[in-house]
Amino acid sequence: MIHTPPSTSPDASILGLGYLGRPLAQKLYEHGSRVAAVKRSLTSDDINLPIHLDTFDLGNTDAFQTALWRHHADKPVWFFMLPPSSLTHYADTVKQWAELVRACNVQHLIFTSSTSVYGDKVRECDETALPDPQTESARQILAAEQHLLDSGISNIDILRLGGLYCAERHPVSRLAQKQNIQGGNRPVNIIHRDIAVETLFQTALKPNGKRLKNIIEPRHPTRREFYTEEAAKLGLPAPDFTPDDSVGKIIITVCDNGLSL
């Protein structure tokens, strides 16, 4: 007999079944949620997932709208978990999706943003710090945030994530192959994937208006310290950082449940 866990979390739609979306979908399912998800293409890992999965070009809003009414419109919580690299017109597409969400009367929208919107200026940034995006990707993310806040949806959580890492896919694997790496003294602003997934899950349980929160670990070692330690854990050679006096911003959070907007 298959044991079905009691339903303790809301049914959910996940746009982007990737690095964060897949473990989140699994966690929601394990807590009794009915989960529908959207991704660009099917892989062998997707076979026999205990969720409904739609696959199509994520920028095709017509296809999305068709799938939406069939399998997503009845889900009270929606997660937007797509990086700007996945779409040509990221902010505009997010705006169109938000309009569809509102048309479906979705109660709660959770958007995975990025601390990159704070830019590169050396400073300490909490949720009250003004954004200063320096890249086109960061500008698109910030514009998407604003589209969502202007959408008229009652409950919106914007979670600005730090740099993600875990043993399965760790940035130190790339650094270990390089020489004379710059920026070794810059502080890291990181979040382990498991912590990020748990935060997303807990956020879905407690909608409360429009909120903003930095999702970041409280520690801020230098890049040299962090990646040398992580390389040792994974049995990789220590990255070759060039001695320098580089500096960088530090991201913190001052809101347990998010800054009300």
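**The chain as a whole**

The structure shown is a predicted model. The protein chain has a mean pLDDT of 89, and 92% of its residues reach 70 or more. Over residues 1-6, however, the pLDDT is below 50, and this stretch has five contacts in the model beyond near neighbours in sequence.

The protein chain contains seven helices and 12 strands. Its C-alpha trace spans about 55 × 45 × 35 Å along the principal axes. For 261 residues, a compact globule would have a radius of gyration near 18 Å, and the 19 Å of the protein chain agrees with this. Of the 261 residues, 50% are buried. Where contacts link residues at least 6 apart in sequence, 74% of them join residues at least 24 apart.

Strand S1 covers residues 12-15. Ala12 and Ile14 point one way from this strand, while Ser13 and Leu15 point the other way. These four residues, Ala12, Ser13, Ile14 and Leu15, are buried; a residue counts as buried when its relative accessible area is under 20%.

| Strand paired with S1 | Residues | Sense | Bridges |
|---|---|---|---|
| S2 | 35-39 | parallel | four |
| S4 | 77-80 | parallel | four |

Individual residues can be followed across these pairings. Ile14 has Ala37 in S2 as its bridge partner, and Leu15 stands opposite Phe80 in S4.

**Glu168 in a loop**

A further site of interest is Glu168, found in the loop between strand S8 (163-165) and helix H5 (172-175). Is Glu168 buried or exposed? Its relative accessible area is 63%. The cut-off for an exposed residue is over 50%, and Glu168 is therefore exposed.

The side chain of Glu168 makes a polar contact with the side chain of Arg193, at 3.0 Å. Glu168 can also be placed relative to Thr43: the two residues are 125 residues apart in sequence, and their C-alpha atoms lie 17 Å apart in space.

How values were computed. Residues are numbered from 1 along each chain as its sequence is written. This is a predicted model: local features need pLDDT of at least 70, side-chain atom pairs count only at pLDDT 80 or more; totals for chains, interfaces and linings use all residues. Side-chain values use heavy atoms; hydrogens and water are left out. Buried means under 20% relative accessible area, exposed over 50%, partly exposed in between (1.4 Å probe, protein chains only). Helices (H or I, at least four residues) and strands (E, at least two) are DSSP runs, numbered from the N terminus. Two strands pair if DSSP finds at least two bridges between them. pLDDT is the predictor's confidence in each residue, from 0 to 100. Contact means heavy atoms within 4.5 Å. A polar contact is a pair of N or O atoms within 3.5 Å; within protein, one must be able to donate a hydrogen and the other to accept it, and residues adjacent in sequence count only if both atoms are side-chain atoms. The radius of gyration is taken over C-alpha atoms; the globule rule is 2.2 Å times the number of residues to the power 0.38.
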